[in-house]
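Dear colleague,

Please find below the sequence and the structure that I am handing over to you. My findings follow directly after them.

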Amino acid sequence: GCGVGGRVLQMPSPATLGEKRNAGVAAVPEAAYSASFDDDDVSLPERLSANLRAMRSRRPPAAFLSASRKYIAIGAIDNIVGFELGRCYGAGMVAADVTDALRWPSQDCFEDHSLYEAVVSHAELRSRVAEADELLYVHRRHASNVTAPHRKDMWQGVLPLQLAGPSATAAPERVRAMLQRH
């Protein structure tokens, strides 16, 4: 456990994703890190502990960790069709010193990308950006969460699971089992 009890934070409506994330971080000032992901995506159970290990293993510890590989589900979350290489900001982890120095922008999409851009432009934080290369996040692609070019081809950038190795090919079964439990 993280040592912090569960809390519910109600936000006035309307509030952007950036505003919600800033309020969440402010509500738990003792937290050294924050992590988030889209509510229609899935993280495998070990994602947070693996990401935290990856951040802490760097010297100095990473300030911003971007998930550079992710499973891709088309339509339904359990319809994993492959994986993708490339930054996945929404599945990242951010150190408290980043959120102390910078805030998520008040926007409803690509807010993590905007924060990433601010971190790599920041003189003291830019050298502390890291990439997580474990496949621990499932991104569900659908018409309302991809950019206009992606809407033409939801399969853009998707690589076969077999290229990711034997543990990756078991991911669809793991995700289905997780979904059945909840």
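In this predicted model, Glu84 and Lys70 form a salt bridge, with 2.9 Å between the closest N and O atoms. The pair connects distant parts of the chain: Glu84 belongs to strand 4 and Lys70 to strand 3, 14 residues apart. Both Glu84 and Lys70 are buried.

The search of the whole structure gives four salt bridges. One of them joins the side chains of Glu46 and Arg174, at 2.9 Å from N to O. Here too distant parts of the chain are linked, since Glu46 lies in the loop between strand 2 and helix 2 (47-57) while Arg174 lies in helix 7, 128 residues apart. Glu46 has a relative accessible area of 28% and is therefore partly exposed. Arg174, with a relative accessible area of 35%, is likewise partly exposed.

A further salt bridge is that of Arg176 with Asp78, whose closest N and O atoms are 3.9 Å apart. This pair also spans distant parts of the chain, with Arg176 in helix 7 and Asp78 in the loop between strand 3 and strand 4, 98 residues apart. Arg176 is partly exposed because its relative accessible area is 33%, which falls between the limits of 20% and 50%. The value for Asp78 is 28%, so this residue is partly exposed as well.

Asp41 sits in the loop between strand 1 (33-35) and strand 2 (42-43). Asp41 is buried but takes part in no salt bridge. The nearest side chain of opposite charge is that of Arg140, 5.5 Å away, and this pair does not count as a salt bridge because the limit is 4 Å. Which partners does the side chain of Asp41 reach instead? One is the side chain of Tyr137, with which the side chain of Asp41 makes a polar contact at 2.6 Å. Another is the backbone nitrogen of Arg140, at 2.8 Å from the side chain of Asp41. Beyond four places in sequence, the residues that Asp41 touches are Ile77, Tyr137, Val138, His139 and Arg140.

Strand 3 deserves a paragraph of its own. This strand covers residues 64-74, and ten of its eleven residues are buried. Strand 3 pairs in the parallel sense with strand 5 (residues 129-132) over four bridges, and Leu65 stands opposite Ala130 of strand 5. Strand 3 also pairs in the parallel sense with strand 6 (residues 137-141), again over four bridges. In that pairing, Tyr71 is placed opposite Val138 of strand 6.

The largest nonpolar core has 17 residues, and the members that touch the most others are Leu44, Tyr71, Ile80, Leu135 and Val138. At least two residues of this core come from each of strand 3, strand 4 (80-95) and helix 7 (171-181). Helix 7 contributes the most, with three residues. Apart from this core there is a second, separate one of eleven residues, including Leu102, Leu115, Tyr116 and Leu125. As for Val138, residues up to four places away in sequence being set aside, its contacts are Asp41, Val42, Tyr71, Ala73, Ile77, Ile80 and Val175.

Is Lys20 buried or partly exposed? With a relative accessibility of 40%, Lys20 counts as partly exposed. Lys20 is in contact with Met11 and Ala15 once its neighbours within four places in sequence are left aside. Its C-alpha atom is separated by 9.2 Å from that of Gln10, ten residues away along the chain.

Finally, some figures for the chain as a whole. The secondary structure consists of seven helices and six strands, which follow one another from the N terminus in the order α-β-β-α-β-β-α-α-β-β-α-α-α. The chain has 182 residues, of which 41% count as buried. Among contacts with a separation of 6 or more, 67% are between residues 24 or more positions apart.

With kind regards

Note on methods:
Residues numbered from 1 in each chain as written. Predicted model: local features only at pLDDT ≥ 70, side-chain atom pairs only at ≥ 80, totals over all residues. Heavy atoms only, no water. Buried < 20%, exposed > 50% of the residue type's maximum accessible area, 1.4 Å probe, protein only. Pairing = 2+ DSSP bridges. Lys, Arg positive; Asp, Glu negative; His and termini not counted. Polar contact = N/O pair within 3.5 Å; in protein donor to acceptor, adjacent residues only side chain to side chain. Contact = heavy atoms within 4.5 Å. Core = buried A, V, L, I, M, F, W, Y, C linked by side-chain atoms within 4.5 Å.
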